[in-house]
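Hi,

Here is the structure I promised to pass on.

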Amino acid sequence: MLKIAHHPIYNHPLKEGHRFPMEKYDLLPQQLLYEGTCNPENFFEPEIPDNKHFFTVHEPEYFFDLLNITLNQKAARKIGFPLSEVLIEREMIIADGTMKASEFALQNGIAMNIAGGTHHAFSNRGEAFCMLNDQAIGAKYLQNKGLTQKILIVDLDVHQGNGTAEIFKNDNTVFTFSMHGKSNYPFEKEQSDLDIALKNDTQTDEYLSILKEILPKLINQEKPDFIYYLCGVDVLETDKLGKLSLSIEGCKERDRFVLQTCFDSKIPVMCSMGGGYSKDVNIVVEAHANTFRVAQEIYF
């Protein structure tokens, strides 16, 4: 069965007009249940995990500044959300969802988190709606439990996974691959193990052609025993914060190729949703829902 992390805290109240579409975290599971792609048994509710899991990735001083809401004003502003105890709880619960989903992926081949993909969280700071790097935390969680050795992070969000690149820059047990918009945020990029920077308005065909050439070679080269897939839908042509031009069908084909490749390679995969900022939230929900539809088709 496809196991999916979801918690009511994911939909965090923001001021009206905020550019982050929090409502997608309620709308997406509702849509999956309504159409029959998922049933209530697919979903599990994560909790606040032990703090020790965060110290494998984040510096304790930064973590406690977050926890106690004592970040300086400049550092807090970079995060982009008004800081509160509930917001930090939310971030911790998202990370727990990714850790638990990672274990479900080992059992079932795949598992997912309705939220997550917080790849702009560095070891010592947060930015761009990211505070704790869920997939980085998940990767070290699996390795420290002796469940995996070599991990590949496939980050296909439109923005470079700069925090993830920084966290693992000296760790050869985790290979970071980011395929993103060249002239998009972050404007000063970090160095992933492999970065593919795409020009503005890259269309579906060119995008898929590049991905289909690179990913199988990368898997063959690195021989990972686990994959984290960050499947942001901000690659869509309708996205307000992205500068690529994929169609909804093209984004679905991207997910199908990645998940089919993981399935055929017999490598467990854990998916975090990442970004999506189309003006019409229904487009965001539809594109995210496609990832779950494709997962059910391939694996179950």
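**What I found**

Let me start with the surface: the protein exposes about 12400 Å², and carbon and sulfur atoms supply 48% of that. Accessible areas come from the Shrake-Rupley method with a 1.4 Å probe, and for residues only the protein chains shown count as cover.

Before you go further, note that this is a predicted model, in which local features need pLDDT of at least 70 and side-chain atom pairs count only at pLDDT 80 or more, while totals for chains, interfaces and linings use all residues. Residues are numbered from 1 along each chain as its sequence is written, and side-chain values use heavy atoms, with hydrogens and water left out.

**The whole protein**

There are 9 helices and 8 strands in the protein; these are DSSP runs numbered from the N terminus, helices being H or I with at least four residues and strands E with at least two. The radius of gyration is 17 Å, close to the 19 Å that the globule rule gives for 300 residues, so the protein is as compact as a globular protein of that length. (That radius is taken over C-alpha atoms, and the rule is 2.2 Å times the number of residues to the power 0.38.) Along the principal axes, the C-alpha trace spans about 45 × 45 × 40 Å.

Buried residues make up 60% of the 300, where buried means under 20% relative accessible area, exposed over 50%, and partly exposed in between (1.4 Å probe, protein chains only). Of the contacts between residues at least 6 apart in sequence, 75% join residues at least 24 apart; contact here means heavy atoms within 4.5 Å.

**The sheet**

The 8 strands form an open sheet with parallel pairing, in the order S2-S1-S3-S8-S7-S4-S5-S6. Strands S2 (43-44) and S6 (194-198) stand at the edges with a single partner strand each, so one side of each is left without a neighbour in the sheet. Two strands pair if DSSP finds at least two bridges between them.

Do look at S4 (residues 151-155), where 5 of 5 residues are buried. Ile151, Ile153 and Asp155 lie on one side, with Leu152 and Val154 on the other, and both faces are covered. S4 runs parallel to S5 (residues 174-181), and 5 bridges join the two. Within that pairing, isoleucine 153 stands opposite threonine 176, and leucine 152 has phenylalanine 175 as its bridge partner.

Isoleucine 110 is in strand S3 (residues 110-113) and counts as buried because its relative accessibility is 0%. Leaving aside neighbours within four places in sequence, the contacts of isoleucine 110 include Leu2, Phe104, Val269 and Phe300.

Histidine 6 is in the loop between strand S1 (3-5) and helix H1 (24-35). At 16% relative accessibility, histidine 6 is also classed as buried. Proline 46 is 40 residues away in sequence and 6.9 Å away in space, C-alpha to C-alpha. Not counting residues up to four places away in sequence, histidine 6 touches several others, among them Tyr25, Asp26, Phe44 and Ile114.

Asparagine 162 belongs to helix H6 (residues 162-167) and is buried, with a relative accessible area of 1%. Beyond its neighbours within four places in sequence, asparagine 162 is in contact with His119, His120, Phe122, Glu127, Pro186 and Glu190.

Best wishes
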